[in-house]
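Colleague: I would like to learn how to read a few features of a model. Please take them one at a time.

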Amino acid sequence: MRTRRGPALALLAAAALALAGCGAGGAATDAAPAATAPASASADALSGELTVFAAASLKAAFTQLAEAFEAAHPGVSIRPISYDGSSTLATQLVEGAAADVFASADQKNMQKVVDAGLAAAPQPFATNVLTLVVPKGNPGGVTGLADLATPDLSVVLCAAEVPCGAASATLLADAGVTASVDSYEQNVTAVLTKVASGEADAGLVYVTDAKTTTDVQTVTTAGADAVVNTYPIVALDGAANPAAAEAFVAFVLSDDGRAVLAGLGFGQP
């Protein structure tokens, strides 16, 4: 009887161990999703609307960045981004306009927002330089900055108070050129539009803007590399959605965000 009971007990013991092993394996298998759940929940914790003010020259980049951010955070809806000259946007913010994030095309206009107590510690995320653009086919025969002094040409520039205008003034002063200007615009998009439509013979825009249309062509612009605009971004202190604002800023500063910017011609700060 003992010789029969021994193998039976052994079989029962083996079965118990096997069941215990399966139970342990099952627990380990179930634990993996539980470990990733917090990360998934955290990634989806952001919600609500996000209001962004951004320099006009950032339109192509921030359109892509906003789409990617919303895809990563389905609970967040970015309202149509307000694009304009940085000075205009800074003035609107100082006068009480509501926004969560501000991205400026220069540090001077960002500083206005900081000095007003609306933000602290903005971070640089991109750089840009100017280029001379003419309508496709270059009907005015423009060959360089010196030609902007020709009264017979229709020349359009950004207004002095906006970043592209301040950079244009510096570039022309460095080149010793006094441009014969027919129109000053409140943002770089307006300059590009006038040149692209043939309303102007030449204008100065950012290299990133020149890449957005085939209706203009660039002309070699001596000294442009020495006049660099640095773009800062910040989550505003009075943001209605501070968590999403901080997350959006972090995304713009991330490797993925910088890749989008680099792909559109922006430089690294």
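Colleague: Which glycine follows helix 4, and is its phi positive or negative?

Modeller: Glycine 117 follows helix 4, and its phi is positive, near 80 degrees. Helices (H or I, at least four residues) and strands (E, at least two) are DSSP runs, numbered from the N terminus. This is a predicted model, in which local features need pLDDT of at least 70, side-chain atom pairs count only at pLDDT 80 or more, and totals for chains, interfaces and linings use all residues. Residues are numbered from 1 along each chain as its sequence is written, and side-chain values use heavy atoms, with hydrogens and water left out.

Colleague: Which residues of helix 4 are buried?

Modeller: Buried means under 20% relative accessible area, exposed over 50%, and partly exposed in between (1.4 Å probe, protein chains only). In helix 4, residues 107-115, the buried ones include Asn109, Met110 and Val113. They lie on the same side of helix 4 because they cover an arc of only 105 degrees around the axis, taken from the directions from the helix axis to the C-beta atoms. Lys108 and Asp115 are exposed, on the face turned away from that buried side.

Colleague: Which cysteines form a disulfide?

Modeller: A disulfide is a covalent bond between the sulfur atoms of two cysteines. The rule here is a pair of cysteine sulfur atoms within 2.5 Å, and the count comes to one. Cysteine 158 and cysteine 164 form it, with sulfur atoms 1.8 Å apart. Their link is left-handed, with -100 degrees about the S-S bond. Both cysteine 158 and cysteine 164 are buried.
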